Amino acid sequence: MQFGIFTVGDVTPDPTTGRTPSERERIKAMVAIAQKAEEVGLDVFATGEHHNPPFVPSSPTTMLGWIAAKTERIILSTSTTLITTNDPVKIAEDFAMLQHLADGRVDLILGRGNTGPVYPWFGKDIRDGISLAVENYALLRRLWREDVVDWEGRFRTPLQSFTSTPRPLDGVPPFVWHGSIRSPEIAEQAAYYGDGFFHNNIFWPKDHTERMIELYRTRYAHYGHGTPEQAIVGLGGQVFMRRNSQDAVREFRPYFDNAPVYGHGPSLEEFTAQTPLTVGTPEQVIEKTLSFRDYAGDYQRQLFLVDHAGLPLKTVLEQIDLLGEEVVPVLRREFAENRGADVPDAPTHASLLAAHEATAQAEPVQS
Amino acid sequence: MEAITLAVVSAGLSQPSSTRLLADRLSEAVRDRLADAGREVLIEHVELRELAHPIADNLVTGFPGEALRGATETVTGADAVIAVSPIFSASYSGLFKSFFDVLEQGALTGKPALLGATGGTARHSLALDHALRPLFAYLRAAVVPTAVFAASEDWASAEQNGLRQHIDRAADELAAVLLRQPARTRRPDAFADVVPFEQQLAALRLP
């Protein structure tokens, strides 16, 4: 099972000091977070993509390319890549490029984005969100799998004799997860292709997450990719830890109360009771995270959000230390126990390459 | 036969509240008529005052907390809804509107509904028709023709200035609709009825 960090890249004033980091500071902090994640033995770093303040990560592959050069082992991913407003041709190119630079340590989570004003900036309409995700991804798959593509669709100018370069590393496209909080159409899309499904699992009560995953698993089996238990599921989660639970609550409360997304709404206590947010000791985080399996089944990837709402970098790095030293080793052990024997790991470049070569050998060469 | 469920939403703020009083009078009148026709009735109250915080939280976070979810399920699952708001500043109260704002889209489509409102004087009574009725038309509820307004003076007079007759007529209308209505049909479920992906793809194919 993979464990990692995902960030949305918000530039938020620290509510306890009133200080706002510069964009440069925040971007460098995200990079430091990724390096720290590798240092403490986490498996994945994923960055969000946004095109409006107060967020900085508008160019995920630029950032991930830099991190690739500074790391050895960690998988570089996104949370999420906007399949609606980005040109699928550019996604195909950018991520193939990143694959080569990062020696295959790349996958991506596709999402639609939820901010109405962003769509028209890219010539799109939010009401077409699902349709854009469907058509753009169908094209993206072809660009990675066919050397020469002729294509015509609703949302982009036609392509004739187009070759997306560079070609995917070793002829193996990056693994794709489809992320959605509440749209069954996207769970269906992930199932249809046998891709992964990622639920951010942060803002919504767990039974919403459960319904989405159940639908994805059922349809994954329906489309013949394996049993429901073999479907590839990723979850988010949000934590803040201190040795003493009351210290964690006291320190995190001002950040929670003023957080851009849910601040000024429910209390920290209500939100903790209703959503997967855990504020407390590493033991409490372990306990809560293990409970995700009760509604998600055996799953492949767990990403934690630790760096938003104005938390200072020093604090965030302490959180990652706690994850790497105390939380994740226990989670690895506990999740491995009683895990279904035929539950696969999350696909990596190596595993996809092996599968690709096995298929190529099995198929007789056309003469 | 299955009991008919009435969800009674009232947005009164004081205790006791004349809005709740009107909601009770309306729901009891409907219940009596249905009982006369041999139907059992289950009345479920949704007091919005108690949900003021959860409703505001839902506006901020985009999802309902547990208490609010129970209330929205009561309303969307009922056979009919009786909705009563005090009239504030020439319209329904903000709390009343916010509750209907956080319901899932389509939650009230085709739902038989009876509307009521309360206010200090009868001068506000047309708010029923220029504010509440358009809201429920937008929500595609099947609103009965008679809506009932109760002003302070209605509660004070022995004759109730025709309030009783209004309640009776409105209750007659809603009861008649409910007695005519076939058993509740299942609302479409986006999860159980997911559109197969081939269909999603085909819908985008160029002619």
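I began with chain B, where 76% of the contacts between residues at least 6 apart in sequence join residues at least 24 apart; a contact here means C-beta atoms, placed from the backbone, within 7 Å. Before going on I noted that this is a predicted model, in which local features need pLDDT of at least 70, side-chain atom pairs count only at pLDDT 80 or more, and totals for chains, interfaces and linings use all residues. Residues are numbered from 1 along each chain as its sequence is written, while chains are lettered from A and ligands numbered from 1 in the order in which they are written.

**Chain B**

I found eight helices and seven strands in chain B; these are DSSP runs numbered from the N terminus, helices being H or I of at least four residues and strands E of at least two. The radius of gyration of chain B is 19 Å, close to the 17 Å that the globule rule gives for 207 residues, so chain B is as compact as a globular protein of that length. For my own reference, that radius is taken over C-alpha atoms, and the rule is 2.2 Å times the number of residues to the power 0.38. Along the principal axes, the C-alpha atoms of chain B fill a box of roughly 70 × 40 × 35 Å. Of its 207 residues, 40% are buried. I call a residue buried if 20 or more other C-beta atoms lie within 10 Å of its own, exposed if 12 or fewer, and partly exposed in between, with C-beta atoms placed from the backbone.

**Chain A**

Next I turned to chain A, which has twelve helices and 13 strands. Its radius of gyration is 20 Å, close to the 21 Å from the globule rule for 367 residues, so chain A too is as compact as a globular protein of that length. I put 48% of the 367 residues of chain A down as buried. Among contacts in chain A with a separation of 6 or more, residues 24 or more positions apart account for 74%.

**The sheet in chain A**

I traced nine strands in an open sheet, with parallel pairing and the order β3-β2-β1-β13-β10-β9-β8-β5-β4 (chain A). Two strands count as paired if DSSP finds at least two bridges between them. At the edges I found β3 (75–78) and β4 (81–82) of chain A, each pairing on one side only. β2 (residues 44–47) of chain A runs parallel to β3(A), and four bridges join them.

**Helix α6 of chain A**

How many of the ten residues of α6(A) are buried? I counted eight in this helix (residues 184–193), so α6(A) is largely enclosed by the rest of the structure. Among them are A:I186, A:E188 and A:Y192. The buried residues pack against α5 (129–145), β8 (175–179), β9 (196–199) and α7 (206–222) of chain A, together with α8 of chain B. After α6(A) comes A:G194, with a positive phi near 70°.

**Where the chains meet**

Terms used. Contact = placed C-beta atoms within 7 Å.
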